[in-house]
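User: Can you walk me through this model? I'd like the strands and helices.

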Amino acid sequence: MVNNSYCILWADDEIDLLKPHLLFLRNKGYEMLTANNGRDALDMVDQNPAIDLVILDENMPGLTGLETLQQIKQSRPELPVVMITKSEEENIMDQAVGNKIADYLIKPVNPNQILIAIKKILHGGRLVSQQATIDYRQEFGKISGLTNAASTLADWCDLYGKLVYWEMQLASTDTNMDEMLAMQRDEANSEFAKFVKRNYPDWVSEQGPTDAAPLMSPRLMPQRVFPLLEGGQKVFFILIDNFRLDQWRTIAPLLAEYFTFDEDLYCAMLPTATQYARNAIFSGLMPLQIQRMFPDLWVDEDSEEGKNLNESPLIATLLERYRKKWTFSYNKLNDSVAAERLLRDFNRLLDNDLNVIVVNFIDMLSHARTESKMIRELASTNAAYRSLTESWFRHSPILDIFKRIAERGHKIVLTTDHGTVRVDNPVKVVGDKNTNTNLRYKVGKNLSYNSKQVFEIKRPAQFGLPSPNISSTYIFAYGKDFFAYPNNYNYYVQYYDGTFQHGGISLEEMLVPIVTLSPK
C-alpha cells in the first residue's frame with residue numbers, strides 16, 4: 001500500500017465514466033478529488049494546497065486541458081500534471097511537454113497505466129532510493145572483490161568507473177549507503193596507492209613512459225590526437241584543468257544531443273600538478289626532457305614565473321619533433337569574457353588542422369573553494385562540487401563552443417591534465433624555505449617525513465623529473481592525505497581540511513577522462 005497522504009485531482013468532462021479508475025486508486029490509498037471542467041479544476045487547485053498531483057483531460061469544453069495546464073503552471077509551477085488525450089497530434093504533445101507536464105498518456109488508459117504514472121511522479125524518489133540500495137548491496141561484494149584482485153591499470157580503471165557510477169547514483173537518492181561506499185572508496189585508494197608504488201618505477205624512466213606503461217601524459221597527443229589528424233580530420237583538443245571522471249559524467253548529458261562519446265581513462269603522471277602533467281601532454285616529453293631539450297621553456301619549481309606560460313611553444317616543438325606540418329592554434333580561457341571572444345572569432349579557427357583550447361574554470365573553482373568561505377559552503381561535498389561544475393558548464397559560453405564545433409562537424413578530444421581529491425587527513429612534513437607549497441607533493445633537499453606515509457623518489461632523474469638541487473627528493477601523498485607543517489599545525493589543518501587538492505596519488509587525481517566526441 002502506498003502512502004495514503006497523497007491527494008490527487010482528476011479533471012475530465014466525462015468523470016462519471018471513470019468511477020472504476022477512481023475506486024481503484026482510492027483502494028490504493030490515494031485521496032481522489034474530481035472536477036468536470038478546467039475552471040473548476042483551477043478553483044480547486046487555488047483553494048486546496050494539499051493537492052499533490054493533477055490529472056487533466058486534454059479535450060474538455062470551455063477551458064481546454066492545455067489552457068488549464070498553462071494556468072496551473074502559472075499559479076503552482078511545482079505541481080506535477082499528467083495529461084490524458086485521445087489525440088496523437090504531435091503539436092499537442094509538443095505544447096504539453098513545453099509546459100513541463102510530468103507525463104502524457106493516450107486514451108484509452110487502464111487503471112494500472114495511471115497507477116504507474118502516479119508512482120513514477122509521487123513515489124519515484126523513494127522507489128529509486130530503495131532500488132539503488134538493493135542494487136548497491138548486491139554490488140558491494142563485487143566491488144570489494146575487484147579491489148582485492150586488481151592487478152593491471154585496466155582493472156583499476158574499471159573499478160574506479162564503478163565507484164564513480166555508484167557515488168553518483170547514491171548521491172541522487174535518499175539512501176544510507178553513502179558511508180559504506182566511502183569506506184570502499186578509501187579502501188580502493190589505499191590498494192591503488194600500493195599498486196602505483198609497485199609499478200610506477202617500471203612505467204617511467206628518464207626518457208619517458210616505457211613499453212610496459214599504460215597510456216600516460218606524454219603519449220596522450222601522439223596516440224589519441226595525431227591519428228585523427230593523420231586521417232584528414234580537423235580536431236579540437238580541449239583540456240579542462242582539474243577535471244575528474246565524475247565531473248565529465250555530470251556534463252555529458254548536456255552534450256549528448258550534439259555528440260556521441262568514446263569514453264576512456266588515462267594515467268596522469270606524477271606529480272599530478274599542472275606544471276608537470278600539462279607540460280608533459282603538450283610537449284610529449286617528461287619534465288626532465290623538457291628542461292634539458294628546451295631550458296627556456298621549463299620553469300623551475302621555485303621560480304616566481306607562471307608555470308604554464310609556454311604551452312603553445314611546447315606544442316610547436318611536439319609537432320616539429322614528429323615532423324608534422326599541421327597548423328594549430330592555442331587558446332587559454334580563464335573566464336567567460338575570453339570564451340565569448342573566442343566564439344566571436346570562431347571562424348578563424350577553422351583554417352587550422354588542430355585547435356587547442358585550455359579551460360581553467362575547474363582549477364579556479366578548486367582554489368577558490370580553498371580560499372573562499374562562501375565557495376566552501378557551496379561545494380562542501382563531492383556531489384556539490386559536481387553540481388557547481390554542471391551549473392557552470394550549462395550556463396557558460398564553453399557549452400556554446402562545443403555546440404559550434406558540432407555544427408561544423410569536427411571531432412573533439414576532451415581531457416584534462418589531472419584530477420583532484422578531497423583531503424581530510426594531515427601528514428606532518430618538515431621542509432626548508434625553498435620547499436614548494438603544494439599540499440599533495442613536496443620537492444626539496446631537506447625534507448623530514450615518515451617514509452611509510454608517502455611515496456618517495458630519491459633519484460628524480462630515474463622518473464623523468466628535474467632536480468632543483470643535487471640532493472632533491474620528491475614525496476607524494478596517498479589517498480586523502482595532505483601535507484601539513486608542525487608550525488601552527490592546528491590552524492593549518494583546519495584551514496585545508498575538506499579542500500580539493502592535487503599533486504599526489506589517488507584514483508581521482510591519476511585516472512582521468514579522455515573522451516573523443518563525434519558530432520551527430
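Analyst: Here are some sheets, helices and residues, taken in turn.

User: What should I know about the model and the numbering?
Analyst: This is a predicted model; local features need pLDDT of at least 70, side-chain atom pairs count only at pLDDT 80 or more, and totals for chains, interfaces and linings use all residues. Residues are numbered from 1 along each chain as its sequence is written, and side-chain values use heavy atoms, with hydrogens and water left out.

User: How are helices and strands assigned?
Analyst: They are DSSP runs numbered from the N terminus: helices are H or I with at least four residues, strands are E with at least two.

User: OK, which strands form the five-stranded sheet, and in what order?
Analyst: The order is E2-E1-E3-E4-E5, in an open sheet with parallel pairing. Two strands pair if DSSP finds at least two bridges between them.

User: Which strands stand at its edges?
Analyst: Strand E2 (31-35) and strand E5 (103-106). Each has a single partner strand, so one side of each is left without a neighbour in the sheet. Neighbouring strands are turned by 20° against each other on average, direction ignored. Axes are lines fitted to C-alpha atoms, for helices over the stretch in contact, and angles run from 0 to 180 degrees between N-to-C directions.

User: How many bridges join E1 to E3?
Analyst: Five, with strand E1 (residues 7-11) and E3 running parallel. Cysteine 7 has isoleucine 51 in E3 as its bridge partner.

User: What packs on that sheet?
Analyst: Helix H1 (residues 19-27) touches E1 and E2, and its direction makes about 155° with that of E2. Helix H2 (residues 38-47) also packs there, touching E1, E2 and E3, at about 140° to the direction of E2. Contact means heavy atoms within 4.5 Å.

User: Is leucine 56 buried or exposed?
Analyst: Leucine 56 counts as buried because its relative accessibility is 0%. Buried means under 20% relative accessible area, exposed over 50%, partly exposed in between (1.4 Å probe, protein chains only). Leucine 56 is in strand E3 (residues 51-57).

User: What does leucine 56 touch?
Analyst: Leaving out residues up to four places away in sequence, its contacts include Ala11, Leu69, Ile72, Val82 and Met83.

User: Switching to helices. How do H14 and H19 cross?
Analyst: The axes of helix H14 (residues 336-344) and helix H19 (residues 397-408) come within 9 Å and cross at roughly 25°. That makes H14 roughly parallel to H19. Angles under 35 degrees count as roughly parallel, over 145 as roughly antiparallel, 65 to 115 as roughly perpendicular and the rest as oblique.

User: Which residues make the contact?
Analyst: Among them are Ala339 and Leu343 of H14, and Ile398 and Ile401 of H19.

User: And why does the span of H18 agree with expectation?
Analyst: Helix H18 (residues 382-395) has 14 residues, which at 1.5 Å a residue should span 20 Å, and its end C-alpha atoms are 20 Å apart. The expected span is 1.5 Å times one less than the number of residues. Buried residues in H18 include Tyr385, Trp392 and Phe393.

User: What pairs with E20?
Analyst: Strand E9 (residues 259-267) pairs with E20 in the antiparallel sense over nine bridges. There, glutamate 263 has valine 515 as its bridge partner. Strand E12 (residues 411-415) also pairs antiparallel with E20, over four bridges. Isoleucine 412 stands opposite leucine 517.
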